[in-house]
Amino acid sequence: MNTLATRTASPLAWYARQNPKRELWLAWGTLVVFYIFFGVVFFVLTRTQPPPSPAWDSRKVVQWFQDNHSGILIGFAIMFVITGMTTMSNALIAYSMRRMSVSPAFGYTYLILYSLSAIPGMLLMCIALTVGALRPDRDPELITWTYDFAFLSFIGTMGVFLIGSLVWMLAILIDKNRVFPKWFGYLNLCNALTEIVVSPAWIFRRGVLAWNGQIAWWLNMVVFAIYTGVFIFLLRQLIQREDFGTGPLPNLAPKAAR
Amino acid sequence: MTDHSVAQVTKPGKFVPGQPDMWAFVLFETLVFTGYFGFYLFYRTQSPELFLRAQAQLDLRIGVFNTLVLLLSSWSVARCVQSARAGAYRQAHTDAVLTTLFGLVFMVSKVFEWFRQIRIGNGFASNDFFTYYYFLTGIHFIHLLIGFIALGVIFYQLRRPAPRSRGSQELVETCATYWHTVDFLWVLIFALLYVVR
Amino acid sequence: MSDIGESDAPPPRAGLRRTDGESLLFWTLPAAAIIWVSAFLLFPGFTPPLSPTLSADQVAAFYRDPHNLPRIRYSMILFNWFGVCLVPILVLLVMQIRRMAHRTPIFSYCMLGCVAGGPTLFLIANICWLLAAFRPERNPELTQLYNDFAWITFTSQVPFLIAQCVILAAAIYFDNPTGLVLKRWVAHFNVLVAAALVPAAFTGLALSGPLAWNGTLSFWLKNIAIAVWIVVMGVVLGQAIYRERDQRALPEEQQVAG
Amino acid sequence: MKVDFNKRLLVVWLVLASVTLAYLWIDHSNGGAPSASAVVTSSVIVIALIKVRIIFREFMEVRQAPILLCRLTDAWVVLMGVSLLSSYFVGMALA
């Protein structure tokens, strides 16, 4: 009781000094920084995105590992350091669902699904390619094995993202607090559908549906990039509009007048 | 965005059917499908013989039948919207039942066609044409299944007690808009898979 | 979990949280620690750590050695049973974060997101070691591949460990300084531990030297840091749990008296 | 009142259905062994897009919608047409 009293008496001044949204801004900033790192590591440093071809023979695969040797090892090491940042973005998105008029079950479902997602969605690939690049003198057959393992686990892991998007969509569509616009709910559905379109990557080694195919990768990447850009922007707006109440979120001040 | 449409409805004549948000989905998803179609047409021209030979194994009559059925379902859901708007909820309910039935007929005949093709020996990975065939019809099929959920929402809204809100009618229109999207995407898929040479 | 996480609760969430059994969960830690240490010492690959420069045949010989084989199997089975024992402890930390003076549940969500990640990644390494030992007569190249997977995963997979230190530190920094749930030095200590874990992520870059998976930085610094973290955080957590219990007992006595 | 709107929708459906049946005719007139034909392909695509536009305007009630939605859907029909035809003809040129 003693400490309780001290904790409630003096801190009024302390609270007044703090930006009440600083935790949210920290999470949002971490989210942005993570996606920047993600883009740099996967697209520039390791050259794993856009992905190399699944149709290559083991000689070409070994050549690819040689060409990108240090890029892979350094790039993924960076990912191993920063992957924990995803928890911030998942927490922020789960928080957005707690702000809605829906059951907390939605937020927790999303949180658990996306906590799971980092391992099959990214880390398995990083581990497998690191192992593949570790010993260039390994049997080419085995290097090809790590190559398949890496890209298929990365691109072919869909369930967590599919169900995660659908959970978020459902929460947005039935929410009465206007946390997100409804069209973003439908955009979640578009993203979920692209997760389905990826699945033939497990079957085809060439063509548009292979893991580097124009439909299974390029088109889906465009959709995913739009989706990610949109939700980063909307989360920012959410934080700006946040009033820490339980009712509908107020509009942004200048746009409120209609 | 949602109250935006309500504001516009008050002006007689001009209104966005359903949530404008659904229209954003329709336009975006149409773009994605345009991408699928573009790749299909491009790769078709790269090996025209193969595509023509494989395409000859499709039965155009089934395709036409499917199209007519889905157009019928679109017609009945459009009637449903207009009836609901006019307050004729019993009529609207009948139309929604009709839509569901037509949707089911389409679904069954689609599955029947898939089974027929598989029996002939044309699987997903058999050749490029059938890859596109199963991919496009399959992804459309998933849209159709989601469409049944949309129809469920329509039924739910039509069953609500008498003084129905504007929001209720808006949801009916939103779901109908989705259903029409399933329809017009099929119109394109049908033309591209069955008739294009 | 339902009501204490409400974002709308007044800032210092001193609470009506049920704490029964938290001390029981807490006392699983020393038991688990003893099992971990014994399993660690039992595994012949840790004392001393297996060198990454061994050839495939040497690695295969390590697993085929009749002295090593049972020790590998039994130690890894022990880890397979008890490797996840850190989960309740981390969840207790989540509970402490919930007590802090935050406006949002972001930090506790982040911590929850980390909880399963670390043990799951460790289990992947664990499975690879057990697989390598399952058929030691396998082609040495394959045994080496399993061995590489196990060691790379074990050594480089620090993302959630780093994240949980950084999140805990941030949560303490964002707490009300006049009534800290956990002391300020705990935050500094966690930042230090996080920094000590970073070099291990880069283990893929070198097969020998301090970065190699048997090197000073990647093996000794990392594992000592983890061990120190567990001991120190164990003490800190125990104190926090018992302090909270005492505070709680006080008002109840007053109520009875009144 | 009921008759009024239903008749229009029915006419629209009849138009769409007969255009669909026209495909059968196109298919037959092509006759014999199927062969690649740019004329058939482009006319099929154009007909399909006309059908899509009819669905937009009549079934989806864009006819009564604000001008912005009319323009948008029309733009989309044109966009689809341009993308489909250009991927077809670019493919032909490259083949």
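**Chain contacts and helix packing**

Author: Chain B and chain C do not touch, their nearest C-alpha atoms being 26 Å apart. The model is predicted: local features need pLDDT of at least 70, side-chain atom pairs count only at pLDDT 80 or more, and totals for chains, interfaces and linings use all residues. Residues are numbered from 1 along each chain as its sequence is written, and chains are lettered from A and ligands numbered from 1 in the order in which they are written.

Reader: What makes two residues count as being in contact?

Author: Two residues are in contact if their C-beta atoms, placed from the backbone, lie within 7 Å. No contact joins chain C and chain D, whose closest C-alpha atoms lie 40 Å apart. By contrast, 48 residues from chain A and 49 residues from chain C take part in a contact. Of the three pairs of chains that touch, A and C have the most contacts.

Reader: Which classes make up the side of chain A that touches chain C?

Author: That side has 30 nonpolar, twelve polar and six charged residues. Ala, Val, Leu, Ile, Met, Phe, Trp, Tyr, Cys and Pro count as nonpolar, Asp, Glu, Lys and Arg as charged, and the others, Gly among them, as polar.

Reader: Why is α3(C) called roughly perpendicular to α8(C)?

Author: Helix α3 (residues 56–64) and helix α8 (residues 140–156) of chain C pack at an angle of about 80°, with their axes 8 Å apart. Helices are DSSP runs (H or I, at least four residues), numbered from the N terminus. Axes are lines fitted to C-alpha atoms over the stretch in contact, and angles run from 0 to 180 degrees between N-to-C directions. Angles of 65 to 115 degrees count as roughly perpendicular; therefore α3(C) is roughly perpendicular to α8(C). A56(C) and Y63(C) are among the residues of α3(C) that make the contact, and P140(C) and N147(C) are among those of α8(C).

Reader: What makes α9(C) roughly antiparallel to α10(C)?

Author: Helix α9 (residues 159–173) and helix α10 (residues 184–197) of chain C pack at an angle of about 155°, with their axes 8 Å apart. Angles over 145 degrees count as roughly antiparallel, so α9(C) is roughly antiparallel to α10(C). The contact of α9(C) with α10(C) has 14 nonpolar, one polar and one charged residues.

Reader: Is the crossing of α9(C) and α10(C) left-handed or right-handed?

Author: The crossing of α9(C) and α10(C) is left-handed, a term used if the near helix is turned anticlockwise from the far one by less than a right angle.

Methods:
Helices (H or I, at least four residues) and strands (E, at least two) are DSSP runs, numbered from the N terminus. Angles under 35 degrees count as roughly parallel, over 145 as roughly antiparallel, 65 to 115 as roughly perpendicular and the rest as oblique.
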